Amino acid sequence: MEFLEIVQKRRSLRSYASTPVKPEKLNYVLECARLAPSWKNLQCWRFIIVKDLETRQALAETMTEANPGRKVLVQAPIAIVLCAVPSESEVWEDKDFMMLDAGLAMEHLVLAATEQGLGTCWEGWFHEDKAREALNIPEDVRVVAFTPLGYASEERRPRPRKSIDEIVFYEKWK
Ligand SMILES: Cc1cc2nc3c(=O)[nH]c(=O)nc-3n(C[C@H](O)[C@H](O)[C@H](O)COP(=O)(O)O)c2cc1C
């Protein structure tokens with residue numbers, strides 16, 4: 001698949017089949033995450049792969065009730081939890097590169113999953129303390145986001161985006 005096609009195909013998928021994901025595919029997406037760039041190459045990210053249904057249910061319960069993605073961690077066979085170790089990144093002039101670094105690795109994973117025919121959905125709307133408790137994550141580690149990983153059971157239309165003119169300036173701001 002061409003890169004543009006992968007990017008165009010990716011969606012936040014909120015309905016999954018229970019079909020298992022082959023270990024080779026899981027390893028492939030994790031390898032793509034591992035190769036992401038990061039501030040000073042510190043690689044603050046950690047990924048917890050959750051297959052156990054009860055644990056996925058516990059994770060789903062950490063999500064806000066209004067979250068449209070609440071059911072996905074239970075439906076899909078795998079939940080991936082993105083964590084970040086603050087001592088392995090930095091804040092520079094008020095910019096928290098830890099969150100950026102972790103996000104880059106996760107998006108590598110998400111796009112690799114799309115290429116492999118797998119669905120994902122970024123999930124950030126959850127209670128961090130509860131997620132920490134569910135997975136025995138230490139206090140000093142941030143729980144950044146989750147995603148289900150599995151085969152989509154729905155087609156979704158692309159969501160709208162701002163036009164290039166709205167987001168790109170040449171030479172100077174506006
Ligand atoms: C950092 C981040 C957190 C998100 N958290 C959630 C979430 O908690 N629940 C959810 O249903 N979607 C979540 N999303 C998905 C966005 O709603 C989605 O990316 C956006 O609406 C555009 O749709 P698309 O991904 O299908 O193109 C999140 C996306 C990002 C990047």
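Here is a tour with a few stops, each with something to select and something to look for.

**Before you click**

This is a predicted model, so to speak of a local feature we need pLDDT of at least 70, and side-chain atom pairs count only at pLDDT 80 or more, while totals for chains, interfaces and linings use all residues. Residues are numbered from 1 along each chain as its sequence is written, and side-chain values use heavy atoms, with hydrogens and water left out.

**Stop 1: the annotated domain**

Select residues 8-68 and 72-151, which an unreviewed UniProt entry annotates as "domain: Nitroreductase". UniProt positions are given in the numbering used here, feature names are shortened, and such annotations may be inferred rather than shown by experiment.

Colour by secondary structure next. Helices (H or I, at least four residues) and strands (E, at least two) are DSSP runs, numbered from the N terminus. Residues 8-68 are 36% helix and 10% strand, and residues 72-151 are 39% helix and 24% strand. The end C-alpha atoms are 22 Å apart for 8-68 and 11 Å apart for 72-151.

**Stop 2: the ligand**

Which residues come nearest to the ligand? Out of 13 around it, they are Ser12, Arg14, Asn67, Glu123 and Arg161. The shell has three nonpolar, four polar and six charged residues. For that sorting, Ala, Val, Leu, Ile, Met, Phe, Trp, Tyr, Cys and Pro count as nonpolar, Asp, Glu, Lys and Arg as charged, and the others, Gly among them, as polar.

Zoom in on some polar contacts (pairs of N or O atoms within 3.5 Å; within protein, one must be able to donate a hydrogen and the other to accept it, and residues adjacent in sequence count only if both atoms are side-chain atoms):

- Glu123 has a polar side-chain atom 2.8 Å from a nitrogen atom of the ligand.
- Arg161 puts a polar side-chain atom 2.8 Å from an oxygen atom of the ligand.
- Gly69 uses a polar backbone atom, 3.4 Å from a ligand oxygen.

On its own the ligand would expose 620 Å², and the protein buries 69% of that. Those areas come from the Shrake-Rupley method with a 1.4 Å probe; for residues, only the protein chains shown count as cover.

**Stop 3: Ser89**

Select Ser89, in the loop between strand E2 (78-84) and strand E3 (91-92). Is Ser89 buried or exposed? Its relative accessibility is 7%, so Ser89 counts as buried. (Buried means under 20% relative accessible area, exposed over 50%, and partly exposed in between, with a 1.4 Å probe and protein chains only.)

Show the contacts of Ser89 (heavy atoms within 4.5 Å). Not counting residues up to four places away in sequence, Ser89 touches Trp39, Leu42, Cys44, Phe97, Met98 and Asp101. Two of these partners deserve a distance label.

**Stop 4**

Most residues other than glycine have a negative phi. Now click Lys40, in the loop between helix H2 (23-34) and strand E1 (45-50). Lys40 has a positive phi of about 50° without being a glycine, and at 55% relative accessibility it counts as exposed.

Slide along to Gln43, also in the loop between H2 and E1. Its phi is positive too, about 55°, although Gln43 is not a glycine. Gln43 counts as partly exposed, at 31% relative accessibility.

**Stop 5**

Ala17 is in the loop between helix H1 (3-9) and H2, and is partly exposed at 24%. Its contacts, leaving out residues up to four places away in sequence, are Gln75, Ala76, Pro77, Tyr151, Ala152 and Ser153.

Glu128 is in helix H6 (residues 128-135). It is buried, with a relative accessible area of 18%, and touches Val141, Arg142 and Val143, again skipping residues up to four places away.

Finish at Gln116, in the loop between helix H5 (97-115) and H6. Gln116 is 110 residues from Ile6 in sequence, yet their C-alpha atoms are 9.5 Å apart. The side chains of Gln116 and Glu115 make a polar contact of 3.1 Å.

Note on methods
Near = heavy atom within 4 Å.
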